[in-house]
Amino acid sequence: MTAAQATSANFDFGRVVSNTFRVVGANLRELSIIALLLAGLPAALMGWGQAALGGALDGTGDAPNLGVGAPLFGLGVFTLMIGSVLLQAATIRVAVATLNGDKPSAFRELSRSYGVILPIIGLAIVMSFGIGLGMLLLFVPGIILAVMWIVATPVYVMERPGVFGALGRSRNLTRGHRWPIFGLSVVYFVAYFVVSAVFGGILVALAMIAGDFNGMSITSTIANALLGAVSGVVTSAGISAIYYELRMIKEGVGAAQLAAVFD
């Protein structure tokens with residue numbers, strides 16, 4: 001593919017979805033273990049902390065248990081922040097290698113991702129501040145920034161242009177393809193909402209049958225942890241697939257060239 005052909009190519013919605021689940025399917029076992037540890041466990045800690053703060057776990061339903069709930073929730077937030085960064089970085093590297101036809105080890109790529117923790121946290125803070133401010137300004141600017149910066153993390157992991165360089169690079173890559181990216185993001189969000197609603201409905205139904213609503217809080221926490229782990233992997237793989245698609249259609253760069261950064 002020439003540069004001119006790449007620039008004029010269309011964003012292939014179906015190919016991005018296919019590549020997303022190709023990455024997840026090819027590395028399901030290792031990514032599942034990593035996601036449960038890095039996203040699921042912190043989500044469970046947050047859920048248990050919230051439940052304890054509401055007095056739900058001990059069955060009293062009265063005064064919040066600050067001595068247990070606050071530390072659990074705080075630990076969950078901290079570990080989720082670190083874990084999400086590591087999960088994103090490792091999944092991005094796994095995705096590129098998988099799309100290149102290789103058989104990567106998610107555990108090995110995770111061990112190689114510790115060096116980007118602080119820069120990606122900084123990137124996430126800048127993005128969250130910008131998008132949050134945009135949301136306050138009539139909501140639409142926040143959505144525009146979210147779509148514009150959607151591949152900033154894989155840009156940083158793969159190209160290391162610096163935090164603000166990654167934001168600018170993401171802006172340039174998404175230019176001309178933001179509507180389909182927005183549409184794809186909406187599809188993923190709706191799918192996650194439907195799955196979450198189904199899980200929630202099943203849990204409520206089981207609690208009503210068993211007559212045990214206190215037990216439901218624990219079950220719900222575990223279910224949310226599992227959903228958090230799954231969504232973390234799929235989201236990271238999906239963003240990686242979008243990045244790969246944009247590099248391919250705009251610059252004619254395939255996974256082999258992207259993977260060369262690991263050599």
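Trainee: Are arginine 93 and glutamate 109 buried or exposed?

Mentor: Both arginine 93 and glutamate 109 are buried, where buried means under 20% relative accessible area, exposed over 50%, and partly exposed in between, with a 1.4 Å probe and protein chains only. This is a predicted model, in which local features need pLDDT of at least 70 and side-chain atom pairs count only at pLDDT 80 or more, while totals for chains, interfaces and linings use all residues. Residues are numbered from 1 along each chain as its sequence is written, and side-chain values use heavy atoms, with hydrogens and water left out.

Trainee: What do arginine 93 and glutamate 109 form, and how far apart are the closest N and O atoms?

Mentor: Side chains of opposite charge can pair when their charged atoms come close. The term salt bridge is used for a side-chain nitrogen of Lys or Arg within 4 Å of a carboxyl oxygen of Asp or Glu. Arginine 93 and glutamate 109 form such a salt bridge, with the closest N and O atoms 2.9 Å apart. The pair links distant parts of the chain, since arginine 93 is in helix H4 (residues 66-99) and glutamate 109 in helix H5 (residues 106-111), 16 residues apart. Helices here are DSSP runs of H or I with at least four residues, numbered from the N terminus.

Trainee: How many salt bridges does the structure hold?

Mentor: The structure holds 8 salt bridges, among them the one between arginine 15 and glutamate 245, whose closest N and O atoms are 2.6 Å apart. Arginine 15 lies in helix H2 (residues 13-26) and glutamate 245 in helix H11 (residues 213-251), so this pair ties together parts that are 230 residues apart in sequence. Arginine 15 counts as partly exposed at 30% relative accessibility, whereas glutamate 245 is buried at 0%. Another salt bridge joins the side chains of arginine 29 and glutamate 30, at 3.7 Å from N to O; arginine 29 is exposed, with a relative accessible area of 58%, whereas glutamate 30 is buried at 16%.

Trainee: Which residues are linked in a network of salt bridges?

Mentor: The network of salt bridges links Glu159, Arg169, Arg247 and Glu251.

Trainee: Which residues does asparagine 19 touch, not counting those up to four places away in sequence?

Mentor: Contact means heavy atoms within 4.5 Å. With residues up to four places away in sequence not counted, asparagine 19 touches Leu99, Ala241 and Tyr244. Asparagine 19 has its place in helix H2 and is buried, with a relative accessible area of 8%. Arginine 22 also lies in helix H2, but is partly exposed at 38%. Leaving aside neighbours within four places in sequence, arginine 22 is in contact with Thr98, Leu99 and Gly101. The C-alpha atoms of arginine 22 and leucine 99 are separated by 8.2 Å, although the two residues are 77 residues apart along the chain.

Trainee: How many aromatic pairs does a search of the whole structure find?

Mentor: A pair of aromatic rings is described by the distance of the centres and the angle of the planes. Rings of Phe, Tyr and Trp (its six-membered ring) pair if their centres lie within 6.5 Å, and planes under 30 degrees apart count as stacked, over 60 as edge-to-face and the rest as tilted. The search finds 1 aromatic pair. Tryptophan 179 and phenylalanine 182 form this edge-to-face pair, at 6.0 Å centre to centre with 85 degrees between the planes. Tryptophan 179 and phenylalanine 182 are separated by about one helical turn because they are 3 residues apart in helix H10 (residues 178-210). Tryptophan 179 counts as exposed at 69% relative accessibility, and phenylalanine 182 is partly exposed at 29%.

How values were computed:
Helix = DSSP H or I, 4+ residues; strand = E, 2+ residues; numbered from the N terminus.
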